[in-house]
Amino acid sequence: MIYRSCCTAKEGEVDRISALPEPILQHILSFLPFKEAAHASLLSKKWKEAWDTLPVLSFDESVFTLDLWDLKPEQSDDKPSRVRRRKKKLFERLEKILEKRRKELISIDKLSIYIEVSNQKEFLSFVDRCTCYAIESNVKELKFEFGTLGRIWYNVPGSIFQAHSIDILKLSGCKLELLRSNVKLNSLRKLCLEYVYAENYAVENFLGGCPSIEELLLSSCKGFKILELFNVVKLNTIKLRCSSQLEQVEINALNVHFIELSDISVQCEFNLTACKNLKSLKLRYLLVSDEWLYNQVSELPVLEYLNITWCMKLRAIFIASSRLKRLSIGTCKKLFEIKIEAPNLTSFKYDGEMISFSSNTPDTILETDLFLDSQKMGTRWYAKYIELLAKFNRSSTMMNLRSEIGQV
């Protein structure tokens, strides 16, 4: 669309897109893939100036893939060496882009790099140098994603952990070996670690040097079996996903408002009772017991939203919460009973088999959503169904009913 507008403008016509202010042109370029944004800089002097000072740079997988593997058939005999030479030249071009911004004191708002990790040291040293250039350009958001070919973990440059300008850091396919004294990320607000290898207490040591941290995401991380989050004053959001090696999680963060625990299929010991200001809790694919759920929820005085999905060990759920407003329970295959004591509940959603349900909740539920799934829907099933509907009819303003049709 950009090329067509700029290249097809006839003599005497006004190229309205190129006439836009530079910040708007940069905003347009930020939505384009890296190669298209670079090509757009050839359209005119104004587009080139917008590109040269573009504060958002993304060297994603498509940048390398399209440049590396588009070889002609006659070149296929020497493909590995040709690919390696092309890759080296591409890295050199990308490095010059960052070096130019550093020399001209052009700030970088966001830098994203994807690279496959291999034993080729020159490619890894390229990332080290780019990191230094970005930090010297006061980068605010830094994202490094490394494909771990052959289970090689990339050791993150230590300069990253001393960068005062970074407020969002996303690392994937890396290895962390940290002491608390090595980390001084005073501006960091959001930390995302995916497919990261870290020893026990490495994450805690990391957070010890991040006094402004507000959001933490750990996904598919390995190495550590214990996670203890203490004295993180500003932390308000915690998302812990796909951590199959975890054995113990202890969270003591008074200001945390949202916690998500997801896809932790091993038997792990969780303790959230110290999070007295927790308002939202999502539990998915966890092996937690009925007793654990009751004890945890009962100790969270301001909890307003609770979502429980695919927790296969739960059998009889008892929820007692004075502030709870929204409750969602779905696909807990062994569940046969739900009891609720929640005087402020306004929304209840259930997805699963026919169960026994009881509640002392007054007429405050504004909406009930039931999705009943059963493969045998005989007379007894329908009798329980009518009984269940009668209970919700007395306490709900509106009901949404759905059922999976099985054998009648």
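This is a predicted model: local features need pLDDT of at least 70, side-chain atom pairs count only at pLDDT 80 or more; totals for chains, interfaces and linings use all residues.
At 28% relative accessibility, Phe 318 is classed as partly exposed.

**Aromatic pairs**

Eight aromatic pairs are found in a search of the whole structure. Another pair is formed by Tyr 294 and Phe 318, which is stacked because the planes of the rings stand at 15° and their centres are 5.1 Å apart. Tyr 294 is in helix 9 and Phe 318 in strand 17, 24 residues apart.

| Residue | Relative accessible area | Class |
|---|---|---|
| Phe 270 | 5% | buried |
| Trp 292 | 14% | buried |
| Tyr 294 | 31% | partly exposed |

**Helix 10**

Helix 10 covers residues 379-395, and its 17 residues should span 24 Å at 1.5 Å a residue; the end C-alpha atoms are 25 Å apart, which agrees. Its buried residues are Trp 381, Tyr 385, Leu 388, Leu 389, Phe 392 and Ser 395. Seen down the helix axis, these fall within an arc of 125°, so they line one face of helix 10. Exposed residues on the other side include Arg 380 and Asn 393.

**The cavity**

The structure holds one cavity of 30 Å³ or more. Its lining includes Phe 348, Tyr 350, Leu 388 and Phe 392. Strand 20 and helix 10 each supply at least two lining residues. The lining comprises eight nonpolar residues, no polar and no charged.

Definitions and conventions
Residues are numbered from 1 along each chain as its sequence is written. Side-chain values use heavy atoms; hydrogens and water are left out. Helices (H or I, at least four residues) and strands (E, at least two) are DSSP runs, numbered from the N terminus. The expected span of a helix is 1.5 Å times one less than its number of residues. Buried means under 20% relative accessible area, exposed over 50%, partly exposed in between (1.4 Å probe, protein chains only). The arc is that of the directions from the helix axis to the C-beta atoms. On a 1 Å grid over the protein atoms alone, a cavity is a set of points where a 1.4 Å probe fits but cannot get out, and a pocket is an open set with protein on both sides within 12 Å along at least five of seven lines; lining residues have an atom within 4 Å of a point. Grid points are joined across faces, edges and corners, and a volume is the space filled by probe spheres set on the points. Ala, Val, Leu, Ile, Met, Phe, Trp, Tyr, Cys and Pro count as nonpolar, Asp, Glu, Lys and Arg as charged, and the others, Gly among them, as polar. Rings of Phe, Tyr and Trp (its six-membered ring) pair if their centres lie within 6.5 Å; planes under 30 degrees apart count as stacked, over 60 as edge-to-face and the rest as tilted.
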